[in-house]
Amino acid sequence: MENFETEKKLARVVSVLPNKIKIEVSDIERFKLESDKFSVGTYLRVSDSEDCALICIIENFSIQKNENEKNEYLLEAMPIGFLDSDGVFTRGGNNIAIPPTDVEPAKMTEIQGIYENIETEKRFCFSSLSQDVSIKVPVNGNKFFNKHIAVVGSTGSGKSHTVAKILQNAILEKDGSEFQGLNNSHIVLFDIHSEYLSAFPKANYIDIENLVLPYWLMNSEELQELFIDTEANDHNQRNVFKEAVVLNKRKYNPDVNPKHITYDAPYKFSINEVLTYIQNKNNNRKNKSNKIVWKGPEEKELEINQDNISLMFESLLEPASSASSNGPNHGDFLNFISRMENKLNDERLAFLLKDKAETIGFREAITQFLGYDVKKDSSIQNHNITIIDLSGVPFEVLSITVSLISRLLFEYGYHFKKSFSEDFDKTPLLLVYEEAHKYVPKIQSAKYNSCRVSIERIAKEGRKYGVSAMIVSQRPSEISETIFSQCNNFIAMRLTNPDDQNYVKRLLPDNLGPLTDSLSTLKEGEAILIGDSIVMPSLVIIDKCEMTPSSNDINYLQEWKKPWATVHFESLEKSWIK
């Protein structure tokens, strides 16, 4: 009788392994009747006599002949989670009683119930299940935004639309009171290709024309990366530059205890005066008494000491007539001076080194990125999202620009937590790094070091201070592994490069077998969603944006079919030269 019952079953479990279940199906057509789509990636329900079940995903199948020469299917499925008798779903685990009693395709209502096993107030949704788009796939919003996000995919896979949809939904989220105006979301988006303004027309938009990033807020590493030939490893350059910066900060901040004014301290100083100081150091000469002397009032010898050190910053000094031999480092800084002069005279770097960058206050420098009190159209406005358009920033200072803004925002979060009590309203930040491989590459080059340190610090410590990161890239294998390893939520879209595929597979927190193997064949807008925030790893379709980023491909053939187009080269030339 027992054998007869076993034979009557359409499917039976023939093997249970820690990470795999093998199932024999005698009549595949009858077995899949209740499933709209039945393929690799379909969910199965493997239950036991206690009405508990494993939810599994089909990994592969093979066909074999039985004793009667009929086809039988052997399915291999990977357990994703455990559904107990009360309907509570738990990720992982293999608590099913042996032997399992039944195998059937999981009902879509059951899958929907699993996804909805997130508290309503924590639910955040931007996608649907690829297998059945009627099923929404929410994530736990707190875990999603709090624990860093990675969005990866080749060009044309839908990354920009995915990022835009997530951020659009975030700035629209409100609690049950449905209050008017902005919610309390604070997002800073580093836009490398000038494509997101069309998706966020009301954003606080900062480009090279209105970006003000004062050099005096840079730390020592950023200053050296900008002004010193870091590859040359010239200690004399580093020492004289540090000396000049610290002394000039003390000159401009006389009310501050000199002990508190360090190379890294964010106090104002004049970079032009620092250059003058180094030029004087380069020209120093000494007399027969081995003292460095300059021409003073009435042709008298003048020695520089603590009381008159400011003279070194004010103008180029002439050596005294009695100075007959070269002083220490005389002529050593010619290349350094030339490099500094080139930087200071480069109009492309005006946002960093000239005009308002020298006079802007600390508060204004910070709040421009946070969206607070932004002057716009003769009014003061607040903004949920700030788009920093980096497309006009010279490539040689791109890494430094991202580094400085990132560090300032991290320190804002740090000092916010330090300054206010726990019951004070928080202002958590999300920093979105588009095309991150351009400024935090894996290669250990000195010119990317400051940016790598800033973003790695956010990745490792930002969660404690309400500063999280979204790392977006089409070449994940080229990004610092330290940064990606700290991401707990992944949206992996189509990846065609084998190195990128293998890299992402290694980083994903779950072994997903067939899901990760499909990275190269995903459709546009399709993604593997995985991480701490989602109930179970899923293949999803990202919801469409109402307002899309301007990243759509150009329709070459349609454009080429049109009549010959006239180009207004005069306007193009003005824009180019500017």
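# Strands, loops and overall form

User: Which residues point one way from strand 22, and which point the other way?
Analyst: A strand is a DSSP run of E with at least two residues, a helix is a run of H or I with at least four, and both are numbered from the N terminus. In a regular strand the side chains alternate between the two faces of the sheet. Strand 22 covers residues 489-492, and all four are buried (under 20% relative accessible area; exposed is over 50%, partly exposed in between; 1.4 Å probe, protein chains only). One way point N489 and I491; the other way point F490 and A492.

User: Is this model predicted or experimental?
Analyst: Residues are numbered from 1 along each chain as its sequence is written, and side-chain values use heavy atoms, leaving out hydrogens and water. Local features need pLDDT of at least 70, side-chain atom pairs count only at pLDDT 80 or more, totals for chains, interfaces and linings use all residues, and the model is predicted.

User: Which residue in strand 23 is the bridge partner of A492?
Analyst: Two strands pair if DSSP finds at least two bridges between them. Strand 22 and strand 23 (residues 526-531) run antiparallel and share 4 bridges. The partner of A492 in strand 23 is I528.

User: Which residue stands opposite A492 of strand 22?
Analyst: Strand 10 also pairs with strand 22, in the parallel sense, over 4 bridges. There, A492 faces V152.

User: In what order do the 11 strands of the open sheet lie?
Analyst: The pairing in this sheet is mixed. Its edge strands are strand 9 (136-140) and strand 12 (204-206), each pairing on one side only. The twist averages 25° from one strand to the next (axes are lines fitted to C-alpha atoms, for helices over the stretch in contact; angles between N-to-C directions run from 0 to 180 degrees). The strand order is 9-8-24-23-22-10-21-20-11-19-12.

User: Which residue stands opposite T386 of strand 19?
Analyst: T386 sits in strand 19 (residues 385-389). Strand 12 runs parallel to strand 19, with 3 bridges between them. Opposite T386 stands N204.

User: Why does T386 count as buried?
Analyst: Leaving aside neighbours within four places in sequence, T386 has contacts that include I187, V188, L189 and I206 (contact means heavy atoms within 4.5 Å). T386 is buried because its relative accessible area is 0%.

User: Which residue's backbone oxygen does the side chain of T386 reach?
Analyst: A polar contact is a pair of N or O atoms within 3.5 Å; within protein, one must be able to donate a hydrogen and the other to accept it, and residues adjacent in sequence count only if both atoms are side-chain atoms. Here the distance is 3.2 Å. The backbone oxygen belongs to F369.

User: How many bridges join strand 4 and strand 5?
Analyst: Strand 4 (residues 53-65) also runs antiparallel to strand 3 (residues 43-47), with 5 bridges. R45 has I55 as its partner in strand 4. Strand 4 and strand 5 are antiparallel, and their bridges number 12.

User: How far apart in space are K288 and S324?
Analyst: K288 lies in the loop between strand 13 (285-286) and strand 14 (294-295). K288 is exposed, with a relative accessible area of 82%. K288 and S324 are 36 residues apart in sequence, but C-alpha to C-alpha the distance is 7.2 Å.

User: Is N290 buried or exposed?
Analyst: N290 is in the loop between strand 13 and strand 14. Its phi is positive, near 65°, although N290 is not a glycine. With a relative accessible area of 53%, N290 is exposed.

User: Is H148 buried or exposed?
Analyst: H148 is in the loop between helix 4 (141-146) and strand 10 (149-152). H148 is not a glycine, yet its phi is positive, about 70°. With a relative accessible area of 4%, H148 is buried.

User: What radius of gyration does the protein chain have?
Analyst: The protein chain has 20 helices and 24 strands. Its C-alpha trace spans about 120 × 60 × 50 Å along the principal axes. The radius is taken over C-alpha atoms, and the globule rule is 2.2 Å times the number of residues to the power 0.38. A compact globule of 578 residues would be near 25 Å, but this chain has 31 Å.
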